[in-house]
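Welcome, and please take a look at the model below. We will walk through a chain interface and then a ligand site.

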Amino acid sequence: MNFKLKVWRQADHTSSGSFETYEANNVNANQSFMEVLDVVNDDLTKAGKEPIAFDHDCREGICGTCSCVINGEPHGPEDKVTSCQVYMRSFQDGETITVEPFRAKPFPILKDLVTDRSAFDKIIQAGGFISVNTGQAPDANALPIGRETAELAFDAAHCIGCGACVAACKNSSAMLFVSAKVTHLGLLPQGQPERNRRSLKMVEVMDAQGFGGCTNTGACEAVCPKGIPLEFISRLNRDYITASLMERPESE
Amino acid sequence: MILKRLFQSTIGKKILMAFTGVLLFGFVIIHMLGNWQVFAGAEALNDYAQLIQSKAFVLWGFRLGLLAVVALHLWAAITLTIANRAAAPEKYAESKTLGTTWASRSMTLSGCIVLGFIIFHLLHFTVRTVPGTPEYFQQDLKGRHDVYAMVVHAFQNPWLVGIYVVGVGLLSLHLSHGLQSMFRSLGWSDKRYLPLQMNLARIFAGLIFVGMSGVPLAIFFQLKDF
Ligand code: HEM
Ligand code: SF4
Ligand code: FES
């Protein structure tokens, strides 16, 4: 297969970027999209040009590092996969594929397709944790958790923090990500002590980092590689309302 | 502090919008039921209008309350829209709708047009300063303001009919997303209820469109002897 790749090139955070078009010829249909970028980069390097900077790490869909917007869709055309799990068979032979970085104010572009998503780390630091006692590992069945609760918490725990939800949202809202964390930890007994503070603090930092508000359009759910459902946002709102009502003054 | 969170956080502002949105929705339903008096004839409509106007302090209390609700809804809409635009300043070269509806993406636009329509409507039938006719100030045989004559006269004009149909059309578009969004903003939605909530939103939006635009259309097309 042959493709044209229309790729966003930007030297650094402060400079303005533009698209460059590259050819990728004799591509195997079962090559991954990132392997094609690797091949294009080899050619660029051999020609003495700057290779395309793009984020990737595990390349098996579990780390959340890869972050391209392919043909207008964060993580590309396939349902519930990350960019590193996109294969060339998903495209038409001869197609021009547009590749852009995530575009959101809280995710500044560092170079080409690489964005700085440390705003998510700040949100996690604000409340995405639980307090556990050190010492012996607890007995496996000492904390009974109903199957349905465990399943729902596990669904939420699937979030890999990739930021595609933000990239897809017209408001660059991080609500799907935050809702996944709040749901995951808030459903389990280990997450209860910090439950109220967690939703308040995470939302506070989310707002402070410059993410927009949720208008329930559902674009986030459509692109999430881990199928985090919109209903978790409603759950976050519910937790947030409860926590605001129960909040005590800081001094206590 | 709950108030601080309500007025400062993105979630809090959406709660305010949802809450004021429900109140406005309730008002629209009552308003629509009131409008249907026109089908019962001059006596019924003028009587109803007289009843509403009779207690100045109830009337003004209601008007001021409604104004406050609109102001809150508008304030939250404007501040959130500004923040949302600031959060996403750069558009994609290639953009896809990603499963979203036009109604959900255009809430600010539909809301602004609805606001324009509300102002026009107030100038038209309440303040009565839209260039019009003596009929607007006429009294009926019992000395009441002849609302019936005013309305029937107004909707002989195709332009006015057009403005009202488009105005309530955008209102129902706004509500087709707003009414389902509201459940989620208030934290009262999950996958068991979501399909029901989406259908309710569409049904009520449709009902409001038919019920509201039905009055000017029925008068214009003489569906009944007005
Ligand atoms: C005065 C002009 C208006 C403006 C500028 C406006 C704007 C908006 C905006 C921007 C939203 C947020 C949309 C979202 O987050 O998805 C919204 C939501 C809503 N609006 Fe309005 N609106 C207006 C009038 C109305 C009226 C007259 C009604 C009811 C009859 C109404 C009912 C609602 C409802 C129920 C919501 C849902 C709240 C939520 O998402 O939680 N709005 N409006
Ligand atoms: S919710 Fe989905 S899209 Fe958003 S960060 Fe988590 S895995 Fe990525
Ligand atoms: S590189 Fe780890 S998820 Fe794509």
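How many residues of chain B are in contact with chain A? In this predicted model, 35 residues of chain B are in contact with 48 residues of chain A, contact meaning heavy atoms within 4.5 Å. Between them, chain B and chain A bury about 3400 Å², and carbon and sulfur atoms give 53% of that area. Buried area is the accessible area (1.4 Å probe) that two parts lose on being put together, summed over both. B:Arg5, B:Tyr92 and B:Leu98 supply 22% of the area that chain B buries against chain A, more than any other three residues.

B:Arg5 also meets A:Glu247 through side chains in a salt bridge (2.8 Å, N to O). The count between the two chains is four salt bridges, each a side-chain nitrogen of Lys or Arg within 4 Å of a carboxyl oxygen of Asp or Glu.

Now to the ligand. Residues from chains A and B surround ligand 1, so the site is shared between chains. Of the 24 residues around ligand 1 (a heavy atom within 4 Å), B:Lys14, B:His73, B:His174, B:Ser181 and B:Ser185 come nearest. Here are some side-chain distances to ligand 1:

| Residue | Ligand 1 atom | Distance |
|---|---|---|
| B:Lys14 | oxygen | 2.4 Å |
| B:His73 | nitrogen | 2.8 Å |
| B:Ser185 | oxygen | 2.7 Å |

Residues are numbered from 1 along each chain as its sequence is written, with chains lettered from A and ligands numbered from 1 in the order written. Local features need pLDDT of at least 70 and side-chain atom pairs pLDDT 80 or more, while totals for chains, interfaces and linings use all residues; side-chain values use heavy atoms, leaving out hydrogens and water.

Conventions: Polar contact = N/O pair within 3.5 Å; in protein donor to acceptor, adjacent residues only side chain to side chain.
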